[in-house]
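Please read them with the structure open.

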Amino acid sequence: MTTRRLLCRLAGGFLFAFATFAPALALVFNPFSFTLANGLLVVVVENRRAPIVTHMVWYRAGAADEPPGKSGIAHFLEHLMFKGTERVAPGEFSRIVAREGGRDNAFTSWDYTGYFQTVARDRLGLVMAREADRMANLRRAEESVATERDVVLEERRQVVDNLPSARLREQMNATMFLNHPYGRPIIGWEHEIRALTREDALTWYRTWYAPNNAVLVVAGDVAAGEVRALAETHYGPIPARPVPVRARPAEPVPQAARRVALRDERVRQPSVSRQYLAPSARRGDSVHAYPLQVLADIAGGQAGRFHRALVIDRQLAVSAGVGYDPDAFDMAVFSFSATARPGVAIEALEAALDEEIAALLRDGVEAADVARAQSRMRDAAILARDALGTAPRAIGSEMMTGATIEQIESWPARIAAVSAAEVTAAARAVLREERSVTGLLLPRGRP
């Protein structure tokens with residue numbers, strides 16, 4: 001089985017940029033969609049550039065849907081989905097894909113869980129049959145549960161506990177979200193992972209893994225009619241089941257700025273991070289979601305004003321970045337980060353970051369800044385069109401958080417209509433001290 005990764009919010013920014021602009025470029029996605037009688041929504045993106053296909057199943061169930069005290073169960077079940085069914089032995093699905101020259105993987109986020117395979121086009125029916133099998137017939141052996149729980153604990157040690165920057169992000173998220181489950185780590189808290197049981201996994205599987213709670217996206221060298229016939233054959237017989245409505249607590253209005261400092265002897269270059277609670281495309285003042293995406297491009301990246309100011313002009317940082325991803329079921333985060341140059345005090349770097357944010361809020365952005373950002377985003381979309389996996393990831397992640405295909409297709413015009421005044425207004429609405437969490441990553445022994 002290949003190593004699976006946890007998707008975090010900030011990783012979705014590029015996909016969002018592609019999803020917003022690509023359809024405007026001669027309708028790059030131009031998807032076909034249909035719904036089976038059991039409620040499974042199927043989306044097909046024809047891409048004839050190579051004789052391969054990506055088959056991706058998304059479930060509307062993620063870490064933020066977990067009950068209190070059961071953090072990590074969504075990711076835990078992702079692992080167990082590779083432990084076989086009555087027809088397929090543990091690990092055999094991945095071995096079959098590898099033997100056929102393909103690759104498979106899975107991912108968990110706060111809002112969804114996904115499974116995918118990329119194979120030769122004539123192997124689509126093969127992987128679809130097995131993915132449909134584990135949608136309905138997952139094996140539930142106790143020994144698999146115990147073994148995989150240890151695997152998850154080791155994964156947590158590798159990707160969180162052994163990385164000071166990951167531990168800081170985890171603590172910042174827990175500090176940012178006072179009431180919402182986005183404050184819990186996707187992989188889970190260690191003590192709660194250790195307590196997960198076979199019955200916990202079964203309950204999660206029975207609750208959320210149903211065709212009427214899933215979206216199948218197929219992209220590649222296929223025709224929509226061919227995919228429909230295969231989907232009817234393999235997924236069609238799986239019965240629909242009642243699925244609960246997602247009920248998540250709302251995050252209260254922030255009242256005070258918060259700070260988190262993590263010290264570790266492995267830290268060689270101190271860094272500062274700043275997060276602001278921000279609206280997403282569907283929660284909060286969502287009118288700001290498109291302007292914030294443009295702002296993130298203006299401020300971030302190698303050409304962005306923060307990199308230019310902190311790294312090139314003032315030479316206080318070796319790197320500086322800005323992130324925002326509106327693709328969340330609930331609220332989002334707008335973030336800044338910078339890593340100090342050797343010999344630069346973290347206090348000086350944080351003060352410079354404060355000054356640059358203050359200047360942005362005071363002066364706003366120019367129309368030329370917005371035009372250049374929109375041009376860069378269009379260029380990135382054009383370059384990304386050839387990647388077979390981009391369309392299913394962009395479409396699937398958006399649909400998991402409430403977007404329709406029609407809304408995805410209409411986003412380019414909305415982004416293109418964003419004005420400098422709207423970007424400035426969004427910055428002033430979101431980048432407010434009381435909405436912030438500041439994180440410092442420091443060497444151990446610093447006073």
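1. In this predicted model, helix α2 packs against helix α5 through a defined set of residues: His75, Phe76, His79 and Leu80 in α2 meet Ser144, Val145, Glu148, Arg149, Val151, Val152 and Glu155 in α5. By class, this contact comprises 5 nonpolar, 3 polar and 3 charged residues.

2. As to geometry, the axes of α2 (residues 73-80) and α5 (residues 142-161) come within 10 Å and cross at roughly 120°. The two helices are therefore oblique to each other. The crossing of α2 and α5 is right-handed.

3. On the α4 side the contact uses Leu124, Gly125, Met128, Ala129 and Ala132, which meet Val227, Leu230, Ala231 and His234 in α9. The residues in the contact of α4 with α9 are 7 nonpolar and 2 polar, with no charged residues.

4. Which residues have the most contacts inside the largest nonpolar core? They are Phe334 and Phe336, in a core of 67 residues. Helix α10 (residues 289-299) gives the most to this core, with 8 residues. A second, separate core has 49 residues, including Val44, Tyr115, Trp208 and Val222.

5. Leaving aside residues up to four places away in sequence, Phe334 touches Arg274, Gln275, Tyr276, Ala278, Leu292, Leu295, Ala296, Val322, Gly323, Tyr324, Val430 and Leu431.

6. Ala50 sits in the loop between β3 (41-46) and β4 (52-59). Is Ala50 buried or partly exposed? Its relative accessible area is 30%, so Ala50 counts as partly exposed. The C-alpha atom of Ala50 is separated by 6.6 Å from that of Asp221, although the two residues are 171 residues apart along the chain.

7. Most residues other than glycine have a negative phi. The phi of Gln315, however, is positive, near 50°. Gln315 lies in the loop between α11 (305-313) and β10 (317-324). With a relative accessibility of 48%, Gln315 is partly exposed, because the exposed class begins over 50%.

Note on methods. Residues are numbered from 1 along each chain as its sequence is written. This is a predicted model: local features need pLDDT of at least 70, side-chain atom pairs count only at pLDDT 80 or more; totals for chains, interfaces and linings use all residues. Side-chain values use heavy atoms; hydrogens and water are left out. Axes are lines fitted to C-alpha atoms, for helices over the stretch in contact, and angles run from 0 to 180 degrees between N-to-C directions. Helices (H or I, at least four residues) and strands (E, at least two) are DSSP runs, numbered from the N terminus. Angles under 35 degrees count as roughly parallel, over 145 as roughly antiparallel, 65 to 115 as roughly perpendicular and the rest as oblique. A crossing is left-handed if the near helix is turned anticlockwise from the far one by less than a right angle, and right-handed if clockwise. Contact means heavy atoms within 4.5 Å. Ala, Val, Leu, Ile, Met, Phe, Trp, Tyr, Cys and Pro count as nonpolar, Asp, Glu, Lys and Arg as charged, and the others, Gly among them, as polar. A nonpolar core is a set of buried Ala, Val, Leu, Ile, Met, Phe, Trp, Tyr and Cys residues joined through side-chain atoms within 4.5 Å. Buried means under 20% relative accessible area, exposed over 50%, partly exposed in between (1.4 Å probe, protein chains only).
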